[in-house]
Amino acid sequence: MAEHTQLIDAINIRTSVRAYDKDPIDEDTARQLSMTLDAVNMLGGLNMQLILNQPAVFTAANESGHLTNAANLIAVVGPKDDPEARERAGFYGERAVLTATLRGLGTLWVGGSWDRAEAAKHCRITKSEELYLGIVIGHPEHHLTYTSTSYAELVERQRTHRPTKSYEQFTAGMTDEERTAAPDWFRAGVEAAMKAPSGMNRQPITFTYNTADDTAAAHIDPASDNGVPFNDLGIAKLHFQIGAGAGDWAWGDGGLFLHK
Ligand SMILES: Cc1cc2nc3c(=O)[nH]c(=O)nc-3n(C[C@H](O)[C@H](O)[C@H](O)COP(=O)(O)O)c2cc1C
């Protein structure tokens, strides 16, 4: 896997990991992850924190067998009552997920499979902030086998591990003619977004391309509300941006992407 070091490589192999080995995250990796969090917290106005070795946060999920050996998490903390901050949390939290993926770690966004109150005890949360979500992080089960698995095989696992909406569903607001006329970077962006995690795999984000001004737009599909639409919007926008190669988003439902 060593030669695959780009964020697009991480997108191509990432899947949610629900079973972990007991081995702790080593100090060097923890420092690297914390540095990533410091940087994206600054960019996103967030307060994400790496919380190590707190298995009590996952007692129920580990006991039921839904998770195995979950013990570490990124606590996704940000400003209260601010939908745009939740979108930024999705965007920058997923950025940390992709960094962790490139270091051979497994991750899982959690809205339900954790004890939020227990997690909050181990976080620094000011009065104007709240704990939005968690991201479980750790060595995937049998990680020595996992890290020696070829990139091609991991790509194949990612491609086949779950159902996905089709490209046409992801671009539901477009006609066939508009799809054909859209540039390659748009298609590559949508295909990267199709590989993104989303709450309950609802994949609630769609994209459109506007020929007149050469922009893309991202939309929350009101028909597939899963409780975390703004977080999913941010995650999908990050994947799209990496897939498209270069460019920037405006925040918000309906926000525009300008390709560079
Ligand atoms: C915001 C968010 C919350 C999630 N919460 C949970 C959860 O509580 N429990 C769980 O098992 N998976 C959870 N997931 C993981 C999704 O089920 C998973 O991303 C989706 O099924 C797609 O699979 P993939 O990530 O392997 O591509 C969550 C994902 C997101 C983005």
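How many bridges join E1 to strand E2 (residues 72-79)? Three bridges do so, and the two strands run antiparallel. Strands pair if DSSP finds at least two bridges between them. Helices (H or I, at least four residues) and strands (E, at least two) are DSSP runs, numbered from the N terminus.

This is a predicted model: local features need pLDDT of at least 70, side-chain atom pairs count only at pLDDT 80 or more, and totals for chains, interfaces and linings use all residues. Residues are numbered from 1 along each chain as its sequence is written.

**The sheet of E1 to E4**

E1 and E2 belong to an open sheet of four strands. The order is E1-E2-E4-E3, with antiparallel pairing. Strand E1 (49-51) and E3 stand at the edges, each with a single partner strand, so one side of each is left without a neighbour in the sheet. Neighbouring strands of this sheet are turned by 25° against each other on average, direction ignored.

H4 lies across E2, E3 and strand E4 (129-138). H4 runs at about 155° to E2.

**The sheet of E5 to E8**

Another open sheet has four strands in the order E5-E6-E8-E7, and the pairing is antiparallel. E5 and E7 stand at the edges, each with a single partner strand, so one side of each is left without a neighbour in the sheet. Neighbouring strands are turned by 20° against each other on average, direction ignored.

| Strand pair | Bridges | Sense |
|---|---|---|
| E5 (residues 205-210) and E6 (residues 215-220) | six | antiparallel |
| E6 and E8 (residues 256-259) | three | antiparallel |
| E7 (residues 247-249) and E8 | three | antiparallel |

Some partners can be named. Thr206 has His219 of E6 as its bridge partner. Ala217 stands opposite Leu256 in E8. Thr215 stands opposite Leu258 in E8. Asp248 has Leu258 of E8 as its bridge partner.

Two hairpins occur here. The hairpin of E5 and E6 has four residues between the strands, and Asp214 takes a positive phi near 55°. The hairpin of E7 and E8 has six residues between them, and Gly252 in the turn has a positive phi of about 110°.

H11 lies across E5, E6, E7 and E8. H11 runs at about 155° to E6.

**Helix against helix**

H2 and H4 pack at an angle of about 160°, with their axes 10 Å apart. H2 and H4 are therefore roughly antiparallel to each other. Angles over 145 degrees count as roughly antiparallel, under 35 as roughly parallel, 65 to 115 as roughly perpendicular and the rest as oblique. The crossing of H2 and H4 is right-handed. A crossing is right-handed if the near helix is turned clockwise from the far one by less than a right angle, and left-handed if anticlockwise. Among the contact residues are Leu33, Leu37 and Val40 of H2 and Phe91, Tyr92 and Ala96 of H4. Contact needs C-beta atoms, placed from the backbone, within 7 Å. By class, this contact has nine nonpolar, three polar and two charged residues. Ala, Val, Leu, Ile, Met, Phe, Trp, Tyr, Cys and Pro count as nonpolar, Asp, Glu, Lys and Arg as charged, and the others, Gly among them, as polar.

Helix H4 (residues 83-102) also packs with helix H11 (residues 229-244), at about 45° and with axes 7 Å apart. That makes H4 oblique to H11. H4 passes H11 in a right-handed crossing. The residues that meet include Arg86, Glu87 and Phe91 in H4 and Phe230, Asp232 and Lys237 in H11. The contact of H4 with H11 has seven nonpolar, three polar and seven charged residues.

**Around the ligand**

Which residues are the closest to the ligand? They are Ser16, Trp109, Gly112, Pro197 and Asn201, out of 21 residues that surround the ligand. A residue is near a molecule if its C-beta atom, placed from the backbone, lies within 6 Å of it. Strand E3 (106-110) and H11 are the elements that give two or more residues to the shell. By class, the shell has eight nonpolar, 10 polar and three charged residues.

Terms used. Axes are lines fitted to C-alpha atoms, for helices over the stretch in contact, and angles run from 0 to 180 degrees between N-to-C directions. Two residues are in contact if their C-beta atoms, placed from the backbone, lie within 7 Å.
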